[in-house]
Amino acid sequence: MKRVVVTGLGAITPLGNNLHEYWEGLRNGVSGSELISRFNTEKFKTKFACEVKGYDSSKYFDRKEANKLDLYSQFAHIASDEAITDSGIDLKSIDKDRVGVIWSSGIGGLDTFYESIRSYVLGDGTPRFSPFFIPKMIANIASGSISIKYGFRGPNFAVVSACASSTHALIDAVNYIRMGKADLFIAGGSEAAINEPGIGGFNAMMAMSTNNAEYKSASRPFDLRRDGFVMGEGGAALIVEDYEHAKARGAKIYAELAGTGMTADAFHLTAPHPDGLGACRVMELAVEDAGLKPDDIDYINVHGTATPLGDISEAKAIISVFGEHAFKLNLSATKSMTGHLLGAAGAVEAIATIMAILNQTVPPTINLEVHDPEIDERLNLTPLKAQKRQIRAAISNTFGFGGHNASIVIRKFEE
């Protein structure tokens, strides 16, 4: 099969509004959590989240364009624009029939949906909906609008699998390129659910942290004191390309997407399998697909959301798959810094994994201070500070509501 590489990166995250700022925040262990600025949280159980800082749509879009795009789509365009520029693609000479866009969002235009319904309910009953209501809201519109902007006419669709969405987008891009269906994809995800229904809905599920007194350190994956995830927002884009195509155009290559895995827990709507059976199998499949052995993996960017059940399940799965080698790995949960970007998490964390390989530096799991006796203390969870180490190959894990599991093996690029 064709080799698949990454030749461009773009990100807008709670740690920074471009790739460089994002990596610097990760490397330095910065918390992106702040009190919510978007709405009055007085009556909400959770009053904090990881918002994108200092965001001003007028810096990126004219007023007319911004009005056509939900915030999740705005984040998609910003990340994609940076990735395309970073990749050095010659938009005039590239075969646009061979370039696709696969974009993900777990929810889509939640803000547009909420504001439109709210205006109708609080109005006089006259249905004064914007003609952009539906196009702004639907989860596939980001992929469509990116392709329209650049004229990319290859495969174009959205992947929706909750928090595994954008890893599935990357996997689809890999498989289409392997099969010769396209030369290059913009693949990634974006999410913008820090609003009343987003915070209120996850509060109702008791999935989010309510530690308002310590909001800066409330995202505590694997820590005994963890009480749920912290909501994040933003987007990340990767230019996923056929190696021979990238080589022919003289592209810089960040890393190789070497192996993929997809499974289902078939267990519960929102809870992980207690023994991590789906997580075990998805990592095994990804390593096998990469043509590697478990001992070849050096680092895992774990799903690590800081939910009481999820972290234990993932830790068990890693030990089950890797055996004694599990205790030689570095594991880290970058959600401790970014919060949980839901459908965008996979792409954001794939970039974190790629940057870790490039810099031979594992970003930390911050706020990890109190050991949970249900998690094997021999695991190196990279607590508090980044660690330097050789990283030849790494895994990025994402697991979503509905039992969706997706893992991707990323290798240091070699000719």
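**Note on a predicted structure**

1. Start with a salt bridge: the side chains of Arg 153 and Asp 97 meet at 2.7 Å, N to O. A salt bridge here is a side-chain nitrogen of Lys or Arg within 4 Å of a carboxyl oxygen of Asp or Glu. The pair links distant parts of the chain, 56 residues apart. Arg 153 lies in the loop between helix H6 (141–150) and E5, and Asp 97 in the loop between helix H3 (71–87) and E4. Helices (H or I, at least four residues) and strands (E, at least two) are DSSP runs, numbered from the N terminus. Arg 153 is exposed, at 55% relative accessible area. Asp 97 is partly exposed, at 44%. Buried means under 20% relative accessible area, exposed over 50%, and partly exposed in between (1.4 Å probe, protein chains only).

2. A word on the basis. This is a predicted model, in which local features need pLDDT of at least 70, side-chain atom pairs count only at pLDDT 80 or more, and totals for chains, interfaces and linings use all residues. Residues are numbered from 1 along each chain as its sequence is written, and side-chain values use heavy atoms, with hydrogens and water left out.

3. Now the sheet. Two strands pair if DSSP finds at least two bridges between them.

4. Look next at strand E4 (residues 99–104). 6 of its 6 residues are buried, so E4 is largely enclosed by the rest of the structure. Both faces are covered. Val 99, Val 101 and Trp 103 are buried on one side, and Gly 100, Ile 102 and Ser 104 on the other.

5. E4 has parallel partners. It joins strand E6 (residues 184–191) through 6 bridges. There, Gly 100 has Phe 185 as its bridge partner. With strand E5 (residues 156–159), E4 pairs over 4 bridges, again in the parallel sense. Ile 102 has Phe 157 as its bridge partner in E5, and Trp 103 stands opposite Ala 158.

6. Helix H6 deserves a look. 7 of its 10 residues are buried, so H6 is largely enclosed by the rest of the structure. The buried residues are Ala 142, Ser 143, Gly 144, Ser 145, Ile 146, Ser 147 and Tyr 150. Their cover includes H3, E4, E5 and E6. Just after H6, Gly 151 takes a positive phi of about 75°.

7. Back to the salt bridges. The structure holds 23 of them. In one, the side chains of Arg 38 and Glu 233 meet at 2.5 Å, N to O. This pair also links distant parts of the chain, 195 residues apart. Arg 38 sits in the loop between strand E2 (34–35) and strand E3 (48–49). Glu 233 sits in the loop between helix H8 (196–204) and strand E7 (234–242). Arg 38 is partly exposed at 37% relative accessibility, whereas Glu 233 is buried at 0%.

8. Another salt bridge joins the side chains of Asp 124 and Arg 128 (3.2 Å, N to O). Both residues are exposed. Elsewhere, salt bridges that share partners join Asp 223, Arg 225 and Glu 369 into one network.

9. Consider Arg 220, in the loop between H8 and E7. Arg 220 is buried, at 4% relative accessibility. Not counting residues up to four places away in sequence, Arg 220 touches Asn 211, Glu 214, Arg 225, Arg 226, Ala 306 and Asn 367. Contact means heavy atoms within 4.5 Å. The C-alpha atoms of Arg 220 and Met 1 are separated by 40 Å.

10. Last, Phe 129. This residue lies in the loop between helix H4 (110–122) and helix H5 (133–137). Phe 129 is partly exposed, with a relative accessible area of 34%.
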